[in-house]
Amino acid sequence: MPVQPRPPAPDGGPGAEHAGAPPDDHAVGLAHFNSLPFAAAEAAFLECCGSLRWAHRMAAHRPYPDLGALLAASDEAGYDLAPGDIAEALAAESATCLHHDAPRAAHLALRAAHAAYESRFGHAFVICLDSSAPSQHVDQVLAGIRVRLAHEVDEERAVTAEELRRLARSRIVELVTAGPGR
């Protein structure tokens, strides 16, 4: 599960507080991204969401006129994911890692929480942490797991799908903001 904050969506979505990238960084990055060969675009999208069907659909619908259209397409494709696609995307996610200097108790607590979640739901715990400071990530993950362990399977399936969509949006913004050669 990713714990790095992502750059913001210009539409006020996850991470909107980020003001370091000028607006035309998105346009430059998007133009570069739209011009990539299909296979390269699909591979980049797979880094945003581990569903091959989602990545293929996103790459096939280029060019995107602006970041808002790209994010809307991402959401639409995310809502259309079948259970097998979501399972594929979840398999591509990794658990939160702590810095090796973190206290041993923190490492143990995080491993135990992830193990309890995976035992209950059969997949990795995912959460988008864009609105949290890095110093709060471990606490947010532990609190999130504690709350979500009480969910019924269907409720957690819906929450997990929403977190995957939020992560994909956040990663797309990062991808497009990075632009060529950055």
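Reader: Let's start with F45 and W54: are they buried or exposed?
Author: Keep in mind that this is a predicted model. Buried means under 20% relative accessible area. By that cut-off, F45 and W54 are each buried.

Reader: How far apart are the ring centres of F45 and W54, and what kind of pair is it?
Author: Searching the whole structure turns up four aromatic pairs, and F45 with W54 makes a pair with ring centres 5.7 Å apart. Planes over 60 degrees apart count as edge-to-face. Here the planes stand at 90°, so with centres at 5.7 Å the pair is edge-to-face.

Reader: And how are the planes of Y117 and F121 set against each other?
Author: These two also form an aromatic pair, with 4.9 Å from centre to centre. For a stacked pair the planes must be under 30 degrees apart, and for edge-to-face over 60. Y117 and F121 have 45° between their planes, and the pair is tilted.

Reader: Where do Y117 and F121 lie?
Author: They sit four residues apart, about one turn of the helix. Y117 is buried because its relative accessibility is 0%, and F121 is buried too, with a relative accessible area of 14%. Both belong to residues 104–121, that is, helix 6.

Reader: Back to F45: which residues are linked with it into a cluster by ring pairs?
Author: Look at what F45 touches beyond its neighbours within four places in sequence: F33, W54, A55, M58, A59, R62, Y64, L70 and I172. Among these contacts are F33 and W54. Ring pairs join F45 into a cluster with F33 and W54.

Reader: What is the volume of the largest cavity?
Author: The structure has one cavity of 30 Å³ or more. Its lining is made up of C49, W54, S74, G78, L81, I86, A161, L164, R165 and A168; by class, seven are nonpolar, two polar and one charged. The volume comes out at about 60 Å³.

Reader: How far is A77 from W54 in space?
Author: A77 is in helix 4, and at 2% relative accessibility it counts as buried. Not counting residues up to four places away in sequence, A77 touches W54, R57 and M58. A77 and W54 are 23 residues apart in sequence, but from C-alpha to C-alpha the distance is 6.0 Å.

Reader: One last thing: which residue is joined to R62 by a cis peptide bond?
Author: The omega of this bond is about 5°. The residue we want lies in the loop between helix 3 and helix 4. Its name is P63.

Technical notes:
Residues numbered from 1 in each chain as written. Predicted model: local features only at pLDDT ≥ 70, side-chain atom pairs only at ≥ 80, totals over all residues. Heavy atoms only, no water. Phe/Tyr/Trp six-rings, centres within 6.5 Å; stacked < 30°, edge-to-face > 60°. Buried < 20%, exposed > 50% of the residue type's maximum accessible area, 1.4 Å probe, protein only. Helix = DSSP H or I, 4+ residues; strand = E, 2+ residues; numbered from the N terminus. Contact = heavy atoms within 4.5 Å. 1 Å grid on protein atoms, 1.4 Å probe; cavity = no way out; pocket = protein on both sides within 12 Å on 5 of 7 lines; lining within 4 Å. Points joined across faces, edges and corners; volume = space filled by probe spheres on them. Nonpolar A, V, L, I, M, F, W, Y, C, P; charged D, E, K, R; others polar.
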